[in-house]
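Hi,

Here is the structure I promised to pass on. Please open it first, then read my notes below.

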Amino acid sequence: MLKRRLAGAAMFLAVVAGGLVVTSTPAAAAPDFQLPFPCGQKWRLNTWDSTHAPALDMVREPQSETEGSRLVAPAAGEVNQSYYHSNAGNMIQIDHGGGHFTTYIHLQSRSVSVGDRVTQGQTIGRVGHTGPTSNGSPHLHYEQGYDANGDGSASWGFEGAERVTARFDGKAYGPAPGGEWRNVASLNGCTKPNLFGADFNSDGIGDIFSEATGTLHVWNGRGSNNFTSRIEIGPNWEQYSRPISGDFNSDGISDLLAVKDGTLHVWNGKGANNFAGAIALGPGWTPYAATLMNVGDINGDGKTDIGAIANDTFHVWNGKGANNFSSRIEIGANWGQYSRPISGDFNSDGIGDLAAVKDGTL
């Protein structure tokens, strides 16, 4: 049903926003665009046919929740168009600087006016089905554009317009016709957890920590490989295994995890180097206490996972948020021949990796 209306939409928009367009590759780096919906929502994206691509039509999953869904800015910028068009319905265009623009049509409502400055994640309107070319089907028609001719806006809505392949969180959606992406989750406004390092004062800079003579200390990072003086966090840590850090309740603040008398405990960070009291997560951790590690996000779901080695076998427990973990998963055997592995994102793909040494080779 959505596809049938697109040819008509392209034809009328050629009159609305038409003109000779010179194809050009954007010279200035595009902003870090995120999907224009609140954190966690899932949407279906379609490029449809050659008259429509690389523009995207977006419907929420489930599709019945599309009408009235909140529309947010994918990046900071200034509104340079906001009006009701007789065919496209409610439309908005945002100037993100450097020649980069985003355009939204068929909106149920608009929350911004020309000249308004917006920040990433700020509400700018609601998704709807206004304008005859929506064919009464609720969806967002979305375009990322580049001002190739330097006239201060990006033409939109027709084949040959100044629209370019849409990218969200660095991933391209298009430009080929017929593209479809299901259940694309928005990261707009999401707290991006520090999956590996410690950030106990929530300043976005990695900290280091250690226990000595029973007292846990932290040195807050200041950037450029500099740290604050030692700060005392608290006593009685000699009774726990060497703690590890990670965001185990998915609130964006680093927590601590350690084992005492075979029971796994967590201390949720509260920022400013403060922690909530110990929470017992479960028994049976004695075999893993010495090798417990934060392995980042090895299943790619955005939650911090933990791993450990026992009886020569490497195991992982996938984080589920709210201090919960999956049951133990066996990753593989013969890990006794490697030195205690460390974790990190060594190829920068956002998924946790492991490194270890065997016979002098990393």
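**Two open sheets**

Start with strands β20 (residues 255–260) and β21 (residues 263–267), which pair in the antiparallel sense over five bridges. Look for K260, which stands opposite T263 in β21. Please keep in mind that this is a predicted model.

These two strands belong to an open sheet of four strands. The order is β19-β20-β21-β24, and the pairing is antiparallel. β19 and β24 (279–282) stand at the edges. Each has a single partner strand, so one side of each is left without a neighbour in the sheet. On average, neighbouring strands here are turned by 35° against each other, direction ignored.

What holds such strands together? Strands of a sheet pair through backbone hydrogen bonds, either parallel or antiparallel.

Now go to another open sheet, with three strands in the order β14-β15-β18. Its pairing is antiparallel. The edge strands are β14 and β18 (231–234), and each pairs on one side only. Neighbouring strands of this sheet are turned by 30° against each other on average, direction ignored. Three bridges join β15 (residues 215–219) to β18. V218 stands opposite I231 in β18.

How much space lies in the largest pocket? The value is about 990 Å³. The lining has 31 residues, and D169, L187, G300, D301 and G302 are the closest to the centre. By class, eleven lining residues are nonpolar, nine are polar and eleven are charged. β12 (171–173) and β13 (180–185) each supply at least two residues of this lining. β13 gives the most, with four residues.

The second largest pocket has a volume of about 540 Å³. It is lined by 19 residues. Nearest its centre lie F196, F209, R242, I244 and S245. Here the lining divides into ten nonpolar, five polar and four charged residues.

Which strand gives the most to the lining of the second largest pocket? It is β14, with four residues.

**Backbone details in loops**

- E61 and P62 are joined by a cis peptide bond, with omega about 5°. P62 lies in the loop between β2 (56–60) and β3 (70–72).
- G174 and P175 are also joined by a cis peptide bond, with omega about 10°. P175 lies in the loop between β12 and β13. Those two strands each supply at least two residues of the lining of the largest pocket.
- N225 has a phi near 65°, a positive value in a residue other than glycine. N225 is found in the loop between β16 (221–223) and β17 (226–227).

The mean pLDDT of the protein is 88, and 91% of its residues reach 70 or more. Over residues 1–25, though, the pLDDT is below 50. In the model, this stretch has 51 contacts beyond near neighbours in sequence. Where pLDDT is low, the predicted coordinates should not be read in detail.

Best wishes

Note on methods: Residues are numbered from 1 along each chain as its sequence is written. This is a predicted model: local features need pLDDT of at least 70, side-chain atom pairs count only at pLDDT 80 or more; totals for chains, interfaces and linings use all residues. Side-chain values use heavy atoms; hydrogens and water are left out. On a 1 Å grid over the protein atoms alone, a cavity is a set of points where a 1.4 Å probe fits but cannot get out, and a pocket is an open set with protein on both sides within 12 Å along at least five of seven lines; lining residues have an atom within 4 Å of a point. Grid points are joined across faces, edges and corners, and a volume is the space filled by probe spheres set on the points. Ala, Val, Leu, Ile, Met, Phe, Trp, Tyr, Cys and Pro count as nonpolar, Asp, Glu, Lys and Arg as charged, and the others, Gly among them, as polar. Two strands pair if DSSP finds at least two bridges between them. Axes are lines fitted to C-alpha atoms, for helices over the stretch in contact, and angles run from 0 to 180 degrees between N-to-C directions. pLDDT is the predictor's confidence in each residue, from 0 to 100. Contact means heavy atoms within 4.5 Å.
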